[in-house]
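This report looks at two parts of one model. The sequence and structure come before the details.

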Amino acid sequence: MVQATARHLLVDSEEKCQALKTEITNGADFADVAKANSSCPSGAQGGDLGSFGPGMMVKEFDEVVFSAPLNEVQGPVKTQFGYHLLEVTSRG
């Protein structure tokens, strides 16, 4: 089964998510931005979600994680939890 590793951050508005994506695109460290802004408990680890397979995350998340290019920030991705930025760090 394919496994991926990814990190993410979670915020409550699309505008906030887009602003954070701009910060990261302009050179801010993803982990630092996640620690400072993410409402998910994973924020304390810089947004690291560890390794997981298809179906272990919500559908919207899975679709991005198992199709997006590696090491490129994706989002905002809306789920029932809020708005995410995602970065797939490995897949195989």
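Leaving aside its neighbours within four places in sequence, which residues is threonine 89 in contact with?

## Basis

This is a predicted model, in which local features need pLDDT of at least 70 and side-chain atom pairs count only at pLDDT 80 or more, while totals for chains, interfaces and linings use all residues. Residues are numbered from 1 along each chain as its sequence is written, and side-chain values use heavy atoms, with hydrogens and water left out.

## Threonine 89

Apart from neighbours within four places in sequence, threonine 89 contacts Thr5, Ala6, Arg7, Leu70 and Asn71 (contact means heavy atoms within 4.5 Å). The side chains of threonine 89 and threonine 5 are joined by a polar contact of 2.7 Å.

Strand S4, residues 82–91, contains threonine 89. With a relative accessible area of 33%, threonine 89 is partly exposed, a class between buried (under 20%) and exposed (over 50%). From aspartate 48, threonine 89 is 41 residues away in sequence and 9.5 Å away in space, C-alpha to C-alpha.

## Helices H1 and H2

Helix H1 (residues 14–25) packs against helix H2 (residues 30–37) at an angle of about 150 degrees, and their axes are 10 Å apart. H1 and H2 are therefore roughly antiparallel, a term for angles over 145 degrees.

On the H1 side, Lys16, Leu20, Glu23 and Ile24 make the contact; on the H2 side, Phe30, Val33 and Asn37 do. These residues comprise four nonpolar, one polar and two charged.

Methods: Axes are lines fitted to C-alpha atoms, for helices over the stretch in contact, and angles run from 0 to 180 degrees between N-to-C directions. Helices (H or I, at least four residues) and strands (E, at least two) are DSSP runs, numbered from the N terminus. Angles under 35 degrees count as roughly parallel, over 145 as roughly antiparallel, 65 to 115 as roughly perpendicular and the rest as oblique. Ala, Val, Leu, Ile, Met, Phe, Trp, Tyr, Cys and Pro count as nonpolar, Asp, Glu, Lys and Arg as charged, and the others, Gly among them, as polar. Buried means under 20% relative accessible area, exposed over 50%, partly exposed in between (1.4 Å probe, protein chains only). A polar contact is a pair of N or O atoms within 3.5 Å; within protein, one must be able to donate a hydrogen and the other to accept it, and residues adjacent in sequence count only if both atoms are side-chain atoms.
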